[in-house]
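Here is a short briefing on one protein model. Look at the structure first, then read the points below.

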Amino acid sequence: MSGGAFDYKQHFIEYMADEIEQRILNSGRKIPQEVLKRDPWIGYWDDDFNVPRYYPQYNRKTIDIMKRAVYVLRMAYIYAQRVDWMLSGDDGEDSLVERLEKELEELKKKYPSGKFTFKKKRVRYDDDYGGFREMPDE
């Protein structure tokens with residue numbers, strides 16, 4: 001594993017972005033039964049487990065703020081990762097610039113408006129893509 005100048009803590013930034021993105025996707029949706037079986041207290045503290053439970057519903061402004069947070073956190077992760085590799089001796093200063101530019105360009109392709117813009121019903125996690133994106137309905 002490369003890097004280590006920051007004790008790999010930059011991955012916490014990436015984790016935060018993933019968590020916020022998932023909460024956006026779940027906003028207002030019914031909590032699946034298999035999730036409730038693993039963690040019956042998720043969502044609401046209600047004694048009746050047969051009542052349908054829903055993830056918190058966020059308003060449009062809050063969702064927009066959360067989307068922007070995802071973008072900024074992903075950018076922060078890229079910067080932290082690239083600097084970490086340079087400080088650890090895995091990359092030189094030239095490599096830092098080249099890799100940083102490439103990864104920021106990829107980020108802009110994933111989130112062209114500086115945040116992601118999708119319709120919730122068509123968003124899926126794509127392993128090949130490495131994130132959430134709009135995908136054709138199946």
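Start with helix 3 (residues 60–87) and helix 4 (residues 93–110): their axes come within 9 Å and cross at roughly 160°. Axes here are lines fitted to C-alpha atoms, for helices over the stretch in contact, and angles run from 0 to 180 degrees between N-to-C directions. Helix 3 and helix 4 are therefore roughly antiparallel to each other; angles over 145 degrees count as roughly antiparallel, under 35 as roughly parallel, 65 to 115 as roughly perpendicular and the rest as oblique.

This is a predicted model, in which local features need pLDDT of at least 70, side-chain atom pairs count only at pLDDT 80 or more, and totals for chains, interfaces and linings use all residues. Residues are numbered from 1 along each chain as its sequence is written, and side-chain values use heavy atoms, with hydrogens and water left out.

**Helix 3 with helix 4**

- Helix 3 passes helix 4 in a right-handed crossing. A crossing is right-handed if the near helix is turned clockwise from the far one by less than a right angle, and left-handed if anticlockwise.
- On the helix 3 side, the contact is made by Y71, R74, M75, I78, Y79, R82, V83, W85 and M86. Helix 4 brings E93, L96, R99, L100, E103, L104, L107 and K108. Contact means heavy atoms within 4.5 Å.
- The residues of this contact divide into 11 nonpolar, no polar and six charged. Ala, Val, Leu, Ile, Met, Phe, Trp, Tyr, Cys and Pro count as nonpolar, Asp, Glu, Lys and Arg as charged, and the others, Gly among them, as polar.

**Helix 1 with helix 3**

- Helix 1 (residues 10–26) packs with helix 3 at an angle of about 160°, and their axes are 8 Å apart.
- Helix 1 and helix 3 are therefore roughly antiparallel to each other.
- Helix 1 passes helix 3 in a left-handed crossing.
- Residues of helix 1 in this contact include I13, M16, A17, I20 and I24. They belong to a contact in which helix 3 takes part with residues including I63, M66, V70, L73 and Y77.
- By class, the contact of helix 1 with helix 3 has 13 nonpolar, three polar and seven charged residues.

**The whole chain**

- The protein has four helices and two strands. Helices (H or I, at least four residues) and strands (E, at least two) are DSSP runs, numbered from the N terminus.
- From the N terminus on, the order is α-α-α-α-β-β.
- Of the 138 residues, 30% count as buried. Buried means under 20% relative accessible area, exposed over 50%, partly exposed in between (1.4 Å probe, protein chains only).
- Among contacts with a separation of 6 or more, 60% join residues 24 or more positions apart.
- The accessible surface comes to about 9,500 Å², and 52% of that belongs to carbon and sulfur atoms.

**Single residues**

- V72 is placed in helix 3. At 46% relative accessibility, V72 counts as partly exposed.
- V72 and A17 are 55 residues apart in sequence. In space, V72 and A17 are 8.6 Å apart, C-alpha to C-alpha.
- Most residues other than glycine have a negative phi.
- D7 has a positive phi, near 55°. D7 lies in the segment before helix 1 and is exposed, with a relative accessible area of 54%.
- Y8 has a positive phi, near 60°. Y8 lies in the segment before helix 1 and is partly exposed, with a relative accessible area of 28%.

Key. Areas by Shrake-Rupley, 256 points an atom, 1.4 Å probe, with all protein chains shown as cover.
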